[in-house]
Amino acid sequence: MTAERCYLDHNASAPLRPGALEAMIAALCGSGNASSVHHEGRQARALIETAREEVAALAAVRPAQIVFTSGGTEANVMALSPAWFARPDRVRLFVSAVEHPSVLNGGQFAPEDVEALPVDDHGVLDVDTTRERIHRWRVMSNGAPFMASVMAANNETGAMQPVEALAVLVHECGGVVHCDAVQTAGKIAFEPVVRSADLITLSAHKFGGPKGTGALIIADEQLGYARPLLRGGGQERGFRAGTENAAAIAGFGVAAGVAAREMPSAGQVAVLRDRLEEELLRIAPDATIFARETQRLPNTSCFAAPGMQAETLLMAFDLEGIALSAGSACSSGKIERSHVLTAMGVEADVARAAIRVSLGWNTTETDIDRFGAAWTRIYNTFQERRRAA
Ligand code: PLP
């Protein structure tokens with residue numbers, strides 16, 4: 001990335017935090033396998049265990065509760081398994097309709113055992129409907145076990161979910177709670193989530209660690225995992241076989257440490273995001289900002305302006321040197337209608353126009369000024385063309 005670029009796409013992937021790259025390079029220069037008993041092996045093991053302590057401190061859990069994975073997707077798929085239960089043949093999975101696809105697809109559950117739960121027009125889980133659905137399942141199944149998965153905050157809109165209220169409800173009925181905290185970890189304090197959920201997913205690259213590493217926190221240590229997703233060697237206490245990616249894990253640890261130390265200044269990001277939104281609406285009073293009336297991540301703004309296509313907008317911003325995402329970009333880069341905005345009841349043409357701006361640890365006032373200036377040019381050009389047509 002050149003110095004002139006302005007990167008406002010932290011929810012897709014954040015730039016590496018200071019020190020993470022150096023830690024990874026140093027780890028890559030070591031030749032040991034963390035399972036070996038010799039000096040080189042012990043060096044790799046030490047890197048991993050130091051990182052485990054830093055990630056655990058970020059989440060306010062004990063290091064023994066952390067299982068390193070290849071990222072958020074693997075941690076989600078690992079978590080969503082009937083294998084946590086003694087009777088794995090009859091387990092139901094409830095997920096909110098706005099989850100990341102790795103949760104929506106049900107992980108290791110059969111599609112017919114997965115039930116999506118509605119959200120309101122701010123994208124927040126409807127707890128009353130959830131209660132009814134859980135009770136209906138308990139009656140129908142004669143008390144068969146179940147899991148519920150809800151994210152701490154949504155990647156597209158930033159809307160925060162009532163994880164604590166859901167956990168109370170689920171635990172009352174004997175269920176297990178999973179929380180995808182990928183967009184929350186390293187951005188804001190999330191102890192209440194960690195205290196409420198039994199299983200929590202983290203991903204390093206969303207807050208300044210490397211891509212391709214993450215963790216599942218097994219907060220409820222009573223849980224046994226009868227059938228690990230990856231079976232083989234006994235790494236990660238048997239929860240996840242395979243030689244550990246010591247370099248990526250070392251980078252994850254450093255990023256977690258820096259993020260934890262900088263957490264007190266996380267409020268600055270909200271100030272910048274709010275300024276950006278004021279500017280956005282000053283220039284385009286007809287724009288809609290999604291989930292603005294509910295509790296949101298401080299770094300995220302998802303908006304649409306009538307008649308403007310997301311694809312065109314993204315290209316126009318990119319030409320201005322500004323990296324943003326469509327609210328609905330899928331992994332192939334194609335822009336599809338967002339399942340999140342659809343679940344919120346947003347009309348198809350508005351949902352297709354949605355753009356996501358996500359700020360982060362290195363965003364400055366200058367970035368916000370650049371966004372405002374670019375948005376003025378893009379919006380005015382669009383209005384002129386519309387009048388001419
Ligand atoms: N969960 C959420 C909410 C995400 O935003 C993402 C990434 O976009 C993931 C899970 C997947 O994480 P990873 O990219 O580490 O597989």
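The model is predicted, and local features need pLDDT of at least 70, side-chain atom pairs count only at pLDDT 80 or more, and totals for chains, interfaces and linings use all residues. Residues are numbered from 1 along each chain as its sequence is written, and side-chain values use heavy atoms, with hydrogens and water left out.

Helices (H or I, at least four residues) and strands (E, at least two) are DSSP runs numbered from the N terminus. An open sheet is formed by 7 strands in the order E2-E8-E7-E6-E5-E3-E4, with mixed pairing; two strands pair if DSSP finds at least two bridges between them. Strand E2 (66-69) and strand E4 (114-117) are the edge strands, each pairing on one side only. On average, neighbouring strands of this sheet are turned by 20° against each other, direction ignored. Axes are lines fitted to C-alpha atoms, for helices over the stretch in contact, and angles run from 0 to 180 degrees between N-to-C directions. Strand E7 (residues 199-203) pairs with strand E8 (residues 214-218) in the antiparallel sense over 5 bridges, and Leu-199 has Ile-218 as its bridge partner in E8. Helix H2 (residues 39-59) packs on the sheet and touches E2, E7 and E8 (contact: heavy atoms within 4.5 Å). The direction of H2 makes about 115° with that of E2. H6 lies across E5 and strand E6 (176-180), and runs at about 160° to E6.

A backbone N or O atom of Gly-72 lies 2.8 Å from an oxygen atom of the ligand. Polar side-chain atoms of Asp-180 and Lys-206 lie 2.6 Å from a ligand nitrogen atom and 2.6 Å from a ligand oxygen atom, respectively. Of the 390 Å² of accessible area that the ligand has on its own, the protein covers 86% (Shrake-Rupley method, 1.4 Å probe).

Ala-152 lies in the loop between strand E5 (146-149) and helix H6 (163-172). Ala-152 counts as buried because its relative accessibility is 3%; buried means under 20% relative accessible area, exposed over 50%, and partly exposed in between (1.4 Å probe, protein chains only). Not counting residues up to four places away in sequence, the contacts of Ala-152 include Met-160, Val-163, Asp-180 and Val-193. His-178 is 26 residues from Ala-152 in sequence and 9.9 Å away in space, C-alpha to C-alpha.

Conventions
A polar contact is a pair of N or O atoms within 3.5 Å; within protein, one must be able to donate a hydrogen and the other to accept it, and residues adjacent in sequence count only if both atoms are side-chain atoms.
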